[in-house]
Amino acid sequence: MDDLQLIGIAWRLDRLRWAPTDVLTNIVTSDGACMTPATGGPPDARDDREFAKRLCGGCPVQDECLELELRTTGAETVGVWGAMTDDDRRALHPHWLRRGERIDRGER
């Protein structure tokens, strides 16, 4: 992902900056598409980015999931969260930090 895409994502997450971490956790665990058992195994994908998009495709809480992951793990993020690969989230993290304070940063 290029910097402009990452900056756009960081701006989009601003609407969640004052949502408490426990509220985000509840939203993601109750409404996240990945929180219900999948049938048929993981989606086929050519690379990690495509896998993330397919795994999270149609999930109604992708932004909440992404915000939560950035708050709680920051640059140490691994796996698929918010329809992004860990490499993409690590690249997003400094842009996200520049967007300013959050209500809280969650547990680290």
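Predicted model: local features only at pLDDT ≥ 70, side-chain atom pairs only at ≥ 80, totals over all residues.
The secondary structure of the protein chain consists of five helices and zero strands, and the elements, read from the N terminus, follow the order α-α-α-α-α. Of the 108 residues in the protein chain, 37% count as buried. When contacts between residues at least 6 apart in sequence are considered, 69% of them join residues at least 24 apart. The protein chain exposes about 6,300 Å², of which carbon and sulfur atoms supply 54%.

Contact between the two ends of the helix order was examined next. Two packed helices are described by the angle between their axes and the distance between the axes. For helix 1, which spans residues 3-13, and helix 5, which spans residues 86-98, the axes come within 9 Å and cross at roughly 65 degrees, and the crossing of helix 1 past helix 5 is right-handed. On the side of helix 1, the contact is made by Asp 3, Leu 6, Ile 7, Ile 9, Ala 10 and Leu 13, whereas helix 5 contributes Asp 88, Ala 91, Leu 92, His 95 and Trp 96.

Helix 2, formed by residues 21-31, has both buried and exposed positions. Thr 21, Leu 24 and Val 28 are buried in helix 2, and, seen down the axis of this helix, its buried residues fall within an arc of 60 degrees, so they line one face of the helix. On the other side of helix 2, by contrast, Asp 22, Asn 26 and Ser 30 are exposed. The cover over the buried residues of helix 2 includes helix 4, residues 62-73.

Phe 51 was considered as an individual position within helix 3, which covers residues 48-56. The relative accessible area of Phe 51 is 25%, and the residue is therefore classed as partly exposed, because this value lies between the limit of under 20% for buried residues and that of over 50% for exposed ones. Along the chain, Phe 51 and Ala 83 are 32 residues apart, and their C-alpha atoms are separated by 8.6 Å in the model.

Definitions and conventions:
Residues numbered from 1 in each chain as written. Heavy atoms only, no water. Axes fitted to C-alpha atoms, helices over the stretch in contact; angles between N-to-C directions. Helix = DSSP H or I, 4+ residues; strand = E, 2+ residues; numbered from the N terminus. Left-handed = near helix turned anticlockwise from the far one by under 90°. Contact = heavy atoms within 4.5 Å. Buried < 20%, exposed > 50% of the residue type's maximum accessible area, 1.4 Å probe, protein only. Arc of directions from axis to C-beta. Areas by Shrake-Rupley, 256 points an atom, 1.4 Å probe, with all protein chains shown as cover.
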